[in-house]
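Hi,

Here is the structure I promised to pass on to you. Have a look at it first, and then read my notes below.

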Amino acid sequence: MKNAERLLKGTTSFIKIQMEAETSELDQVVITGYTQTTFKKMTGSVGIITADQLKDQAQPTVDALMQGKIAGVAVSAVTGQPGSTQKIRIRGTNTVTGDGEPLWVIDGVPMQGSTADMPNSSEIKSGQFDDLFMNGVAGINPSDIESITILKDASATAIYGSRAAGGVIVVTTKKGKQGKTRVNYSGNVSVTLSPQRDYSLMNSKEKLAYEQGLWDEFSAPGFEAGKTDYPIVGIVGIIRSGKGRFEGWNKEQQDSYINELGQTNTNWYDELFRNGVSTTHNLSISGGGEKYTYYTSLSYTRNAGLLKNNDYDRYNITANLSMNPNQKVKLDFGASMSYQYSKSPALNNINPFTYAYFANPYESPYNTDGSYRADETYYSLGEYNNKKTSRKTVPDSGFNIMREMNETSSRTKNVNTTVRTGIDYSIISKLRFVGLASFTYSTNRLKEIYNSDTKAALDNRLSVDGLSQKEYASILQRNIDNESYMVRGHFAYDDQFGNDHSISLIAGAELRGSKSNSLYSKRYGYDAITGNTITPLPSTTEGIGYAQLKEYLAALDASTGETWNEQRFASFYASADYYYKNKYVLNASFRTDGSSNFGSDKQFNPNWAAGAAWNISEENFMQSLKPVLNRLTLRLATGFTGNINRSVSPQIIINYFDDYRNVSNNVFHIGSITTPPNPDLRWEKTQDVKLALDFGLFNDRLNGIIEGYYRKSSDIVTSVQVLSTTGYTSQRYNTAELENKGIEITLNGTPVKSRDFTLALSANLAYNLNIVAKYNPSYKSMGYSNLWEGYPVGAIYSGRFTGIDPDTGLYTFQLRPDAEIHTATDLNKSDNYRYYLGTDEAPVTGGFNVTAEYKGIRLSVNGTFATGAKQFEYIESPASYQNTGGGVQNQSTQVFQNDLFAQHLNVPKIAADRWTTTNTDGTYPRVWNVFGEAYGFNYYNPMSKEITRGAFLTNLSYMRIKSIILGYTLPKKLLKQTNLSNVDFSMALNNFITVTSYKGMDPETPGATYPVSRSVMFSVNVGF
């Protein structure tokens, strides 16, 4: 119990003191999903996040809440889109082509996903579908969580077998407590703010002046000479050349209109993005009697996205019931259902963040009468530069991004239901049977609509209409049904021998399976009023022949289809723990899994782990140090875990074509064998060894843990080049080995702790070094994304940028010390410039928390950081010489900034200081017309993108204050006359402070993509 001090006044004869329980770090409960133990009895590496640590947090998904909380658990946003899941890596990357994500376990039930892959046909592209809710983690209500336990090494995860190489995250939901009924409501309202950083792009006057300079240098001489093959770039080029609606304008009219455009200065980020209002409401009822407890909750979350017309809604229902009908039996029942709904524009190949970056600022979204105004430059480059194809690029009404946003829609609905039941039956006093069964059913419904006057509809026409002038709406639908089950049972034996020895044994088996079925359909000529379609007929002046009809019907056949996936697993597991005198702990676990994912010769895979812990502080020779060093534990563990790489299959894979062959009225499939059978395909395996020192000082006022680990992953699936005489050029096999080694440090301290004021500090730091230990590549040089022994999986190889050559205006790169320069042309060889420049995974990650409490007032600051990650900030313009029909290319570009035609759209302000023959110290590279003069740059300069990308290398290191929370809890004495048990208010500032050298919008989601947004949140929590 905690020490309790009360000030005595007068001659009080009766004193009431309510003692509070105190749980030390060693006595903290650790729930592994199979068993329940304490830190003191653990040999594995675990991290625990309690419900208190999740309190008042703004993130609506569980995975986002974990960021910065646990050492060695790197959590990062892939996108800031509402409802999206995070990328999680526990102690590094252990696979190359497979899924490196951890296994999620909810109340003992592993989450199983088996979504059927979508096909890639002439009508439907595999990347076209929105897989927003395919990871079921997004459907978990954070308010229902009691604790999150992260299992990081083999000693902790081996009991999960061949799914645990990426670590295991065990989520335990809240249960009821005996006593009177408790009702609790919590809610919050948050305002999401637009990004605070920008890319420093040109405004209208700057861009128009820039375009005029390009016209004067590259186009005016040809125009004045009466030529027709001069380049036309930007609205200035279109106006000056008298093209389109500007035909016949004189110089005065041209100048007047250009000046008028200069008065329009559209900030496209303001037009496309917004400040949104989000809200969350939770209501829970819990309680229980002598033989039962219950917990039920309802919740609703609405998250308004940064992008206009992008919203996310989630509804949750959770019910947990625990019963003890007698001393021998404990029963546990649980049911949860989540409904998620997301809506957004169906923009397909149009990235709104890319558009906001490149759209010219003198363009306007609307005409003066409020109608959509066509963008005259975004897709017009080819139209004015000798476009050689008759394929329509924009609808007759022109392209307008706001029309695309408002008149296309993507709606995703997901319903996920899980029921589970568990039993703990005491056979005899020391022997129990523990069983758990669960069933999960989920549906995912996607509907995308492209209205007829949008570019999205134009791009989604039937393939046979690709060269026609027809425009019509279309609708894409996909329905996925997933179901999975899990049944497991084990016998548990716990015994104590005398006062010094105790053991815990379990042994059991598990069966699980999952299957998925998907139906997809794309319909053309969609009518939004009736929901029906009027499929457009083929149009030809010569009539419809058999070949045309066959092509047309093949396109329709490719627009619909069905896919399915099914998996089965069988597992056997056992675990043994031995404790001696509360000082020594020995642990061993074993599991073997059999899966249909692997070849017939390799379907079963044994996994094991062993560990030991020495509670040094319990030794007699340490007792004199107890007032200072109250806790000291040394842990050592090793073991094997596995990973299922679903990117490859042991079965023969046939890719069916859209066409069929009809022989004597018998229809036969036509296809090609893309993958031969591989009976030797096997599990990816990971062995790790760890050593940890756990300590507590001054009765745990300062405590922490230091861990070092080494992990070796073998039989990693990679692509291998094979002889073409086999019928293939490459195949995937178990060939490579990876290594991860690192150190983790966690510190917690309470430097100030008095009756009225408490100050608590915590911080964690992790360093992980990842390398490819074994790989025999078929290539001889380090490519941009190639694996190479001795370097990380996410290694970056490119040129080391040194500046701009004042003589040529080209980017220059450092020669390697071992560069072989025998002739001048050797100066363009990539191998003479290629360096290892870093990795795209941050090797150093961590987080921190500062919490101060004074008489019900609390202030909490949570932060996270990641250092060492790099990436190419290669935001390439959608406009380029490849969009034109300019003719013979006389001079290739070194980087996309060199391309004159890339200047057609907006550029950074720094482009005004481009290199020219009169500005040789310019800070922006030279611009030229690839169809114009030949400069011979290719002979003496590195021109390969693999090298020149090095000029765009940026450091993504950052430190972010994730949240600053100010809260107040009403004193209990104010609530005595009410039916309220607690009232709590708080205000939070989320993602407001980011310290980074990155020049873009968000270092966590770099590039022209959906950034992590800032928000202000107000919360209330009321208990009855």
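Let me start with a strand pair: β29 (residues 795-799) and β32 run antiparallel and are joined by 5 bridges. Within this pairing, I796 has G838 of β32 as its bridge partner. Strand β32 itself spans residues 834-839 and is mostly covered, with 5 of its 6 residues buried. Please keep in mind that the model is a predicted one.

Next, have a look at R701, which sits in the loop between β25 (684-697) and β26 (702-721). Its relative accessible area is 31%, so R701 counts as partly exposed, a class that lies between the 20% and 50% cut-offs. Apart from neighbours within four places in sequence, R701 is in contact with N748, G749, T750, P751, V752 and K753. The C-alpha atoms of R701 and A760 are 9.2 Å apart, while 59 residues separate the two in sequence.

N309 has a phi near 65 degrees, a positive value in a residue that is not glycine. N991, not a glycine either, also has a positive phi, of about 60 degrees. Where are they found? N309 belongs to the loop between β12 (292-304) and β13 (311-323), whereas N991 is in strand β38 (residues 982-996).

Best wishes

Terms used
Residues numbered from 1 in each chain as written. Predicted model: local features only at pLDDT ≥ 70, side-chain atom pairs only at ≥ 80, totals over all residues. Heavy atoms only, no water. Buried < 20%, exposed > 50% of the residue type's maximum accessible area, 1.4 Å probe, protein only. Helix = DSSP H or I, 4+ residues; strand = E, 2+ residues; numbered from the N terminus. Pairing = 2+ DSSP bridges. Contact = heavy atoms within 4.5 Å.
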